[in-house]
Amino acid sequence: MAQYATNQFKSGLKILLDGDPCAIIENEFVKPGKGQAFNRVKIRNLKTGRVIERTFKSGETVEAADVVETDMQYLYTDGEFWYFMNPENYEQIAASATAMGDAAKWLKGEEICTVTLWNGEPISVTPPNFVTLQITETDPGVRGDTASGGSKPATLETGAVVKVPLFIDNGEVIKVDTRTGEYVGRARE
Amino acid sequence: MNPDLDWRPGAGREALAQRAGLYRRLRRFMDQRGILEVETPMLSRGGATDRHLHSLACAQPDGSRRWLHTSPEFPMKRLLAAGSGAIYQICRVFREGERGRLHNPEFTLLEWYRPGFDHHLLMDELEELLAELRPGWRCSRVTYAGVFRERLDLDPHEAQVEVLREAARIAGLRVERLEGDRDDWLDLLFSHCIAPTLGRGGPCLVHDYPASQAALARVRPGTPPVAERFELFIEGMEIANGFHELTDAAEQERRFLEDNRRRGEAGLPAMPPDHRLLAALEAGLPDCAGVAVGLDRLLMALHGHRHIDQVLAFPWERA
């Protein structure tokens, strides 16, 4: 397996730490003039999404993680797995609920997602930054109340619940930012 | 990096002018005190034996190698032994592999030596220099032990590795494969937990280091014995390192051998020590103190630059 030395550390590098694939977010070189050099590193665990800090003695090596990110089209779910297709070679893969994380609640079908594969297996899925979905359940819209800042919960066709302005009606199609889970606006017809 | 733009400098015109202005003021300060400006070779047959310094080699046509200096310390001490009196030098030095927000493998040192001074007298003079560069800068002084007691509630001269390891754990530090070397643990705690907090309200001088970290300083006997060494911190950055210099040739030779033994343990090649320095010490180095000031970081501290690249005309990747 390939190894990376600390002097190759940079943001985005994929390494194996405690058996889990991780991505380096930030690498800081710390060295007393007359002392041991360290690399103080912020790392995201790609399986859990958690960010941790680690310190390495400079010159140490770590194992590289075979991690690739590919754009794939979401097809359907059977309740246990979510199926994606590589639009270039039509290969299909199945992602578990763990790998899907929060992504599942934004997807209805045909979206192009970023699927992170570790040793060929999907470990995480990032939905498109913006999705357009129909509201299936919300309190009736309040006419004429477009100025006041109030909001109410709305359930979308995928089951996700987002806060929408009071004037939005049941059945409307809205645009949502999946990174924040926030309502962006009405989707244009 | 964008190849179309990497011909451009890291430092802006203003930062270039700040550097030129700093050098002018430094030279005036030294000149007013009768400290002589000197130049010494950058390429030498001997190299730095310190296991934490990595010298860059320069191959010679005859197959031999010379080493780019990591500091001008040895030849400057040879000048002192030859009776130069107080001397200073502003020069580029080279340390392989040191790169980051506060590091460039090629950087600039101001180094000066004062015969007849001990480390406290030289700290006084460094304070006077800083006050001249930034009126209102007043230095605080703490001992290495004092700052460890204050920040981490432990005695760095006595604490066993287990105690240091526990202190790191409590501070939330997770370290990969750091083993039993006490000084490595002290370096970890000092560089991660203490140094970033030093010099926030004005420059801070830390002195009296553990004897095991004496480098080229003399060790003052006592309980515990301490190295007569100091460092200057401003805004969490280590800016300078000084010694009440070791003048004992036999002790210097012992340290060279010990350095190379530890290099061997760490899997590093032994470095050829500077035998001419030993000969100079043998002939007699006057009692003196010396200090090396990192001018790139001093510029950062003086003018609020966040990254060393902002004060370098061409940082490593564009050099």
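Two strands are said to pair if DSSP finds at least two bridges between them, the strands themselves (E, at least two residues) and the helices (H or I, at least four residues) being DSSP runs numbered from the N terminus. The model is predicted, so local features need pLDDT of at least 70 and side-chain atom pairs count only at pLDDT 80 or more, while totals for chains, interfaces and linings use all residues. Residues are numbered from 1 along each chain as its sequence is written, chains are lettered from A and ligands numbered from 1 in the order in which they are written, and side-chain values use heavy atoms, with hydrogens and water left out.

Strand β10(A), residues 112–118, pairs with β11(A) in the antiparallel sense over five bridges. Across the pair, A:Thr116 stands opposite A:Ser124, and A:Trp118 has A:Glu121 as its bridge partner.

Turning to chain B, helix α1 (residues 13–32) packs against helix α9 (residues 295–303) at an angle of about 105°, their axes lying 11 Å apart; axes are lines fitted to C-alpha atoms, for helices over the stretch in contact, and angles run from 0 to 180 degrees between N-to-C directions. The two helices are therefore roughly perpendicular, a term covering 65 to 115 degrees. In this contact (heavy atoms within 4.5 Å), residues of α1(B) including B:Leu22 and B:Tyr23 meet residues of α9(B), among them B:Leu298 and B:Leu302.

The largest nonpolar core has 45 residues, and those with the most contacts inside it are B:Phe148, B:Leu189, B:Phe190, B:Ile194 and B:Leu198. Such a core is a set of buried Ala, Val, Leu, Ile, Met, Phe, Trp, Tyr and Cys residues joined through side-chain atoms within 4.5 Å, where buried means under 20% relative accessible area (1.4 Å probe, protein chains only). Helix α6(B) gives the most to this core, with seven residues. B:Ile194 touches B:Val147, B:Phe148, B:Arg151, B:Leu152 and B:Leu189, leaving aside residues up to four places away in sequence. Apart from this core lies another, of 40 residues, which includes B:Trp112 and B:Leu302.

Conventions. Buried means under 20% relative accessible area, exposed over 50%, partly exposed in between (1.4 Å probe, protein chains only). Angles under 35 degrees count as roughly parallel, over 145 as roughly antiparallel, 65 to 115 as roughly perpendicular and the rest as oblique.
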